[in-house]
Every structure is written in structure tokens, then in C-alpha cells.
Amino acid sequence: MESIEKMSNEFFMLPLEEKQKYPMLPGTIQGYGQAFVFSEDQKLDWCNMLALAIEPQHARNPNLWPKKPEKFR
């Protein structure tokens, strides 16, 4: 778990241009993108995220797995 956390932190420290190579396309749930809550009753929370499927195997999209940091994959 520590290794996964370390690689994730390194990914999010990369320049924006590098992270945008793995976009979460509209209507999908995998890749790098932003998520925020639409609400007129509260402040909006914003987060940058990287979502990757690992199971079931047919849901995996290897094109969205970052090449940097090198050990991420």
C-alpha cells in the first residue's frame, strides 16, 4: 500500500501536461480528470483524480495507465 501511495503522489506532482495524456473522457469513469459536486446549497468540492479499473480484467484500459512515474505500471 505504501508503494501505491508513493507512486500516486509522484503522479500528481507531475506537470499538468503529463497528467492530461490520460484523460477521463466525458461519459467515462477511467483516466485523469476532475470531479466536483453540482449543488446550489453548498460550496463545490473540486478534486483531481486518476481512476483506473483493475477488475474485472476486461474493464482494464492499459492506455490510461501512466508511463510516469516509471514504476507506476
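Phe 12 is partly exposed, with 30% relative accessible area; partly exposed denotes the range between buried (under 20%) and exposed (over 50%), computed with a 1.4 Å probe on protein chains only. The model is predicted, so local features need pLDDT of at least 70 and side-chain atom pairs count only at pLDDT 80 or more, while totals for chains, interfaces and linings use all residues. Residues are numbered from 1 along each chain as its sequence is written, and side-chain values use heavy atoms, with hydrogens and water left out.

**Aromatic pairs and the nonpolar core**

- The whole structure holds five aromatic pairs, a pair being rings of Phe, Tyr or Trp (its six-membered ring) with centres within 6.5 Å, stacked when the planes are under 30 degrees apart, edge-to-face when over 60 and tilted otherwise.
- Phe 12 and Tyr 32 form a tilted pair, with 6.3 Å between centres and 50 degrees between planes.
- Because Phe 12 lies in helix α1 (residues 2-12) and Tyr 32 in strand β1, this pair ties together parts 20 residues apart in sequence; helices (H or I, at least four residues) and strands (E, at least two) are DSSP runs numbered from the N terminus.
- Ring pairs join Phe 11, Phe 12, Tyr 32, Trp 65 and Phe 72 into a cluster.
- Tyr 32 is buried, at 6% relative accessible area.
- The largest nonpolar core has nine residues, among them Phe 11, Tyr 32, Trp 65 and Phe 72; such a core is a set of buried Ala, Val, Leu, Ile, Met, Phe, Trp, Tyr and Cys residues joined through side-chain atoms within 4.5 Å.

**Lys 19**

- Lys 19 belongs to helix α2 (residues 16-19).
- Although buried, Lys 19 has no salt bridge, and the nearest side chain of opposite charge, Glu 17, is 8.9 Å away; a salt bridge requires a side-chain nitrogen of Lys or Arg within 4 Å of a carboxyl oxygen of Asp or Glu.
- For charge, Lys and Arg count as positive and Asp and Glu as negative, with His and the chain ends not counted.

- Asn 48 sits in strand β2 (residues 46-51) and is partly exposed at 39% relative accessibility.
- The side chains of Asn 48 and Gln 34 make a polar contact at 3.2 Å; this term means N or O atoms within 3.5 Å, where within protein one must be able to donate a hydrogen and the other to accept it, and residues adjacent in sequence count only if both atoms are side-chain atoms.
- Gln 30, in the loop between α2 and β1 (31-36), is buried at 17% relative accessible area.
- The side chain of Gln 30 reaches the backbone oxygen of Ala 59 at 2.9 Å.
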